[in-house]
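Welcome! Please take a moment to look over the sequence and the model before reading on.

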Amino acid sequence: MARINEDYRKLKAGYLFPEIGRRVTKFCADNPQAKVIRLGIGDVTEALPPAIVAAWHKAVDEMGVRSSFRGYGPEQGYDFLRNTIAAKDFASRGAPIEADEIFISDGSKCDTGNILEIFGNDNKVAIADPVYPVYVDTNVMAGRTGAADEQGRYAGLVYIPTNAENQFVPPVPTEHVDLIYLCFPNNPTGTVATREQLTKWVEYARAHKSVILFDAAYEAFITDPSIPHSIYEIPGAREVAIEFRSFSKTAGFTGVRCAYTVVPKSLVGSTSTGEQVPLHGLWNRRHTTKFNGVSYPVQRAAEAAYSEEGQRQVRELIAFYLANARLIREGLEKIGVQVFGGVNAPYVWVKTPGRETSWEFFDRLLREAHLVGTPGSGFGASGEGYFRLSAFNSRENVEEAVRRFQKVVGH
Ligand SMILES: *Cc1c(COP(=O)(O)O)cnc(C)c1O
């Protein structure tokens, strides 16, 4: 009989979003008249910007004419998109990234998981806690961990707790680690790292010859002009960091699928005998062997997000979600609830009032306010006692959600 990859069996059964789904489905079945508002899963809700839709249509029409039809494109992405990204996302911010260091893909979720293939299995991996669950689970699947304890912490991973005391920015560890996941603006806490904080990480990575896996999926939500948008704005980061970017949250592409990963050519890893090997070549090999490129129309749609019109429309979209985040933040602060994030990110990280656990608070909010959020403990042991609310919803629903929250939680 075929043997399975038993590392998969280490994954915790009641994974966060299915468990939320189960509880919400049961509540709705028992209370069919309840009008439940979901501020839970991080998915965008508003329509694609018209400039993007127009570019997508136009490219589809090109595919329908023999003379402009395209089959397989370059696996790494078309030059028109890679060049635009290099100019608009990096050169314009003083970050030294070349077009051929950018790999276009169909999502950052896959990229952050797949990147593990080019690293050996004996690396020590550091993860902030709470964290985007994909980083943890893909390490478990890859066999880099032992079993999970009752709190859900896997043996072999280095967890760096983030909390109100460190402003939800992980401090550099006192021990040696080889791979470090950083995500800013952060999901789930909605917080950002300053230039000084990122500089400390780059210095740590340079000293320890570690690699930072920097997830900047929410980069477009940064409103504070002093906050770096890319890790490559920090001097020396080209030698120590891989960056993940996605059009999902920035341009509403969660259902369209386009993202990219930056692997600088100056970034190296070592073999067991100490030979230094550029990671760019390894990732290029992995990407071109196992991936056949993002569809041409979708890459044209992504390119349109950078046109003058596209930029204006994308900024409007982001401003809309950020205004939602502000309504949530201010509405909760008004009744004395402690909140974090929501200024440079579409997430508000809420301290659960009183002594309730994250799941107790989840159940109460669902039962009494018909509101769905995400229990902080689902993102890691250190998320216990917190709750994530997402700004991805209609204005009407956000306003109604805040009113209900105030009524149920306010005194
Ligand atoms: C949504 C999200 C992504 C984007 O994933 P895609 O696969 O590109 O849709 C990446 N990282 C984090 C932390 C996210 O929340």
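Predicted model: local features only at pLDDT ≥ 70, side-chain atom pairs only at ≥ 80, totals over all residues.

Residues are numbered from 1 along each chain as its sequence is written, and side-chain values use heavy atoms, with hydrogens and water left out.

**The sheet**

Let us start with an open sheet of 7 strands, in the order S2-S8-S7-S6-S5-S3-S4, with mixed pairing. Its edge strands, S2 (102-105) and S4 (158-161), each pair on one side only. On average, neighbouring strands of this sheet are turned by 20 degrees against each other, direction ignored. Helices (H or I, at least four residues) and strands (E, at least two) are DSSP runs, numbered from the N terminus. Two strands pair if DSSP finds at least two bridges between them.

| Strands | Sense | Bridges | Facing residues |
|---|---|---|---|
| S2 and S8 | antiparallel | 4 bridges | Ile 102 and Val 262 |
| S7 and S8 | antiparallel | 4 bridges | Phe 244 and Thr 261 |

Strand S8 also shows two faces: Ala 259 and Thr 261 point one way, Tyr 260 and Val 262 the other way, and all are buried. Buried means under 20% relative accessible area, exposed means over 50%, and partly exposed is in between (1.4 Å probe, protein chains only).

Helix H6 (residues 195-208) lies across S4, S5 (179-183) and S6, running at about 150 degrees to S6. Axes are lines fitted to C-alpha atoms, for helices over the stretch in contact, and angles run from 0 to 180 degrees between N-to-C directions.

How many residues of helix H9 (residues 296-304) are buried? The count is 7 of its 9 residues, so the helix is mostly covered. Among the buried ones are Tyr 296, Pro 297 and Val 298. Their cover includes helix H2 (50-63), H3, S2, helix H7 (247-250) and helix H10 (308-334).

**Two helix pairs**

Helix H1 (residues 16-30) and helix H11 (residues 358-369) pack at an angle of about 30 degrees, with their axes 11 Å apart. Residues making this contact (heavy atoms within 4.5 Å) include Leu 16 and Phe 27 of H1 and Trp 359 and Leu 366 of H11. By class, the contact has 7 nonpolar, no polar and 4 charged residues. Ala, Val, Leu, Ile, Met, Phe, Trp, Tyr, Cys and Pro count as nonpolar, Asp, Glu, Lys and Arg as charged, and the others, Gly among them, as polar.

The axes of H2 and H10 come within 8 Å and cross at roughly 135 degrees. The contact joins Pro 50, Ala 51 and Ile 52 of H2 to Glu 309, Gly 310, Gln 313 and Val 314 of H10. These divide into 4 nonpolar, 2 polar and 1 charged residues.

**A loop residue**

Finally, Ala 99 is found in the loop between H3 and S2. Is Ala 99 buried or exposed? Ala 99 is buried, because its relative accessible area is 17%. Leaving aside neighbours within four places in sequence, Ala 99 is in contact with Arg 82, Asn 83 and Ala 86. The C-alpha atoms of Ala 99 and Arg 82 are separated by 5.1 Å, although these residues are 17 apart along the chain.
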